[in-house]
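Please consider the model shown below alongside the explanation that accompanies it.

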Amino acid sequence: MKNTIKRENVTINDGVLFFDGFNTVELADKYNTPLYVISKNCIKNKCSELKNKFLNKYDNTRVAYAGKAFLNIQMCKIIEEEGLCLDVVSGGELYTAIKAGFPAEKIEFNGNNKTNEELELAIDYGVGRIIVDGTTELSKIESICANKNKTVKILYRITPGVKTHTHDYISTGKKDSKFGIPLDEDVIYKAIKEAISSQYVEFLGFHFHIGSQLFDNHSHLAALETSLKLVKETKLRYNYSILELNLGGGFGICYTDEIVKPYSYFLDPLMKRIQEFSDEIGLKRPAVVIEPGRSIIGEAGITLYRVGAIKAIKNIRKYIAVDGGMTDNIRPALYDARYDAVIANRATGDNTEVVTVCGKCCETGDVLIKDIELATPKEGDVLAVFSTGAYCYSMASNYNRNPIPAVVLLDNGISSIMVQRQSYEDIISLDVI
Ligand SMILES: Cc1ncc(COP(=O)(O)O)c(C=O)c1O
């Protein structure tokens, strides 16, 4: 029997795959395919772990869900219900949060090239924090605040110069990075001085995010040391006490066979070190914020497809084409991401063969899963791909003018549409005739 079948929230009844208690074949029939399916229970379980192992264990802490992983109006409402903050990185994400009525003070605004329009929207709405990503951003913020007679709380995102064991495209903390302020003496201390002396911003502290899909706490700890050095220097040079540290996200999930580390594996040593350091230099421990995205939503989602054309190339491989592909999941094409799947209507693990699952887009690289063992697929079967909650819907595109699939939410035995399927009319709706 394949390991996929042992996943949390997944059961097999009479050879049919059930996700969070729902018959996935019935979901595919009812809502059509491709279909993103999200389990609210799974999201809530992750939030409970964060509450038990972090928020309730350590005072003066916050969790800001990284909306880039998966965001829509209902997701904002779930995050609010769970008492978390929200990290947004664009005007579009911010607008979604505003329309969901997400409390402004619980929003943190990240991003490496925020436009004036986006900054104005954030400052008008009164977001809780702007994470400033470069030295020119501060002056943009100051002039907007001056015009509007407002102030805003900021942190500096730094580039800690830390390498991580993950794909290069999702490694963000190394020195050669478009993210963050480099730590060269003449750059970082000048920026800190400017922020401290600005009448328009309240400078709270430092932020780092070193990468995604991480299973080792060493990189977080190394980046923390760099931040702590800045905290110490800021006190020594400017007699200024840092009030907040944001340690980013990046906690890994299970796509195929990864052994997931609990949040406490990362957070306990980080919190211990911050407390020790604060005691050493006689500083009140700063507030500590984390920004998980993937680890909250990733395993809470699956994607259902219908199998279409099957093409066996003698002595080479057998292609199984599904009715979606790189338009609803760009990650395999973008950074060789690996996924696991099962034929949902024959999920017994018997009579299998090794096949390659491809999409329907006009790109050779439109391969979802290379060489996977599946119950011999037939046209019309339902294929369920696991762990597609993060960075799939949020990265979806209309390449080949394929409509973006619907998102269905499973909540305590009830399934409902969270985001509607795009229609062909939607696709041409902005075309000027
Ligand atoms: C600034 C920042 N915070 C948080 C995250 C979320 O990371 P993850 O989804 O791996 O937890 C990202 C991801 O790119 C990020 O850039």
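Predicted model: local features only at pLDDT ≥ 70, side-chain atom pairs only at ≥ 80, totals over all residues.

Residues are numbered from 1 along each chain as its sequence is written, and side-chain values use heavy atoms, with hydrogens and water left out.

The domain assignment, with bounds from an automatic or database source, divides the protein chain into domain 1 (3–39 + 299–428) and domain 2 (110–292). The centres of domain 1 and domain 2, taken over C-alpha atoms, are separated by 36 Å.

An open sheet contains three strands in the order β1-β2-β3, with antiparallel pairing. Strands (E, at least two residues) and helices (H or I, at least four) are DSSP runs numbered from the N terminus, and two strands pair if DSSP finds at least two bridges between them. β1 (10–13) and β3 (22–23) are the edge strands, each pairing on one side only. Four bridges join β1 to β2 (residues 16–19) in the antiparallel sense, and Ile 12 stands opposite Leu 17 in β2.

In helix α6 (residues 135–148), the residues Glu 137, Leu 138, Ile 141, Ile 144 and Cys 145 are buried, that is, under 20% relative accessible area with a 1.4 Å probe and protein chains only, whereas exposed means over 50% and partly exposed lies in between. Because these buried residues fall within an arc of 130 degrees seen down the axis of α6, they line one face of the helix; the arc is that of the directions from the helix axis to the C-beta atoms. The face turned away from the buried side of α6 carries the exposed residues Thr 136 and Asn 147. The buried residues of α6 pack against α5 (116–125), β8 (129–132), β9 (152–157), α7 (185–197) and β10 (201–207), with contact meaning heavy atoms within 4.5 Å. Asn 149, which follows α6, has a positive phi near 55 degrees.

In helix α4 (91–99), the buried residues are Gly 91, Glu 93, Leu 94 and Ala 97. They fall within an arc of 165 degrees seen down the axis of α4, so they line one face of the helix. Their cover includes α3 (73–81), β6 (85–88), β7 (107–109) and α5. Gly 101 follows α4 and has a positive phi, near 70 degrees. α4 also gives the most to the lining of the largest pocket, with three residues.
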